[in-house]
Amino acid sequence: MIVEERIYTLYPGKVAEMMKLYGEEGLALQQRHLGKFIGYFSTETGNLNQVVFLWGYDSLEDRAARRERMAQDPGFQAYLKKVMSLVVTQENRILKPAPFSPIR
């Protein structure tokens, strides 16, 4: 298993709007395609105005196939148009769990 961490830095004051849109529209769209939702967070200290998503995949190939299918979904494309104006930057990391990690 791998975990993808996606960090979105938003314009100041936009976290609540992003969370609302994601909760009402984005999560269901992504769960339909991506599957293993681990968590969604907002920052309280350090770099502020950020939201963090964690998704689990069987492999890099599984991730690529699932994200490609999602990118073709007209509903997801419409959702992206709503949230992209909130985003300043995006970071992605692929995390590999240690053998003793509770998430494997």
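How many salt bridges does a search of the whole structure find? The search finds nine. The structure is a predicted model.

Side chains of opposite charge can pair when their charged atoms come close. One of the salt bridges joins the side chains of Glu4 and Arg6, with an N to O distance of 2.7 Å. Glu4 is buried, its relative accessible area being 0%. Arg6 has a relative accessible area of 8% and counts as buried because this value is under 20%.

## Glu25 and Lys82

A salt bridge also forms between the side chains of Glu25 and Lys82, at 2.9 Å from N to O. This pair links distant parts of the chain, 57 residues apart: Glu25 belongs to helix α1, which covers residues 15-34, and Lys82 to helix α3, which covers residues 74-83.

Both residues fall in the partly exposed class: Glu25 is partly exposed at a relative accessible area of 24%, and Lys82 is partly exposed at 42%.

## Arg32 and Asp73

Which parts of the chain does the pair of Arg32 and Asp73 tie together? The side chains of these residues meet in a salt bridge with an N to O distance of 3.5 Å. Arg32 lies in helix α1, while Asp73 lies in the loop between α2 (60-71) and α3, so the bridge ties together parts that are 41 residues apart in sequence.

Is Arg32 buried or exposed? Arg32 is exposed, with a relative accessible area of 56%. Asp73, in contrast, is buried, with a relative accessible area of 13%.

Elsewhere, salt bridges with shared partners join Glu4, Arg6 and Arg63 into one network.

Glu5 is part of strand β1, which spans residues 2-10. Its relative accessibility is 16%, so Glu5 counts as buried.

With which side chain does the side chain of Glu5 make a polar contact? The partner is the side chain of Arg93, at 2.7 Å.

Definitions and conventions
Residues are numbered from 1 along each chain as its sequence is written. This is a predicted model: local features need pLDDT of at least 70, side-chain atom pairs count only at pLDDT 80 or more; totals for chains, interfaces and linings use all residues. Side-chain values use heavy atoms; hydrogens and water are left out. A salt bridge is a side-chain nitrogen of Lys or Arg within 4 Å of a carboxyl oxygen of Asp or Glu. Buried means under 20% relative accessible area, exposed over 50%, partly exposed in between (1.4 Å probe, protein chains only). Helices (H or I, at least four residues) and strands (E, at least two) are DSSP runs, numbered from the N terminus. A polar contact is a pair of N or O atoms within 3.5 Å; within protein, one must be able to donate a hydrogen and the other to accept it, and residues adjacent in sequence count only if both atoms are side-chain atoms.
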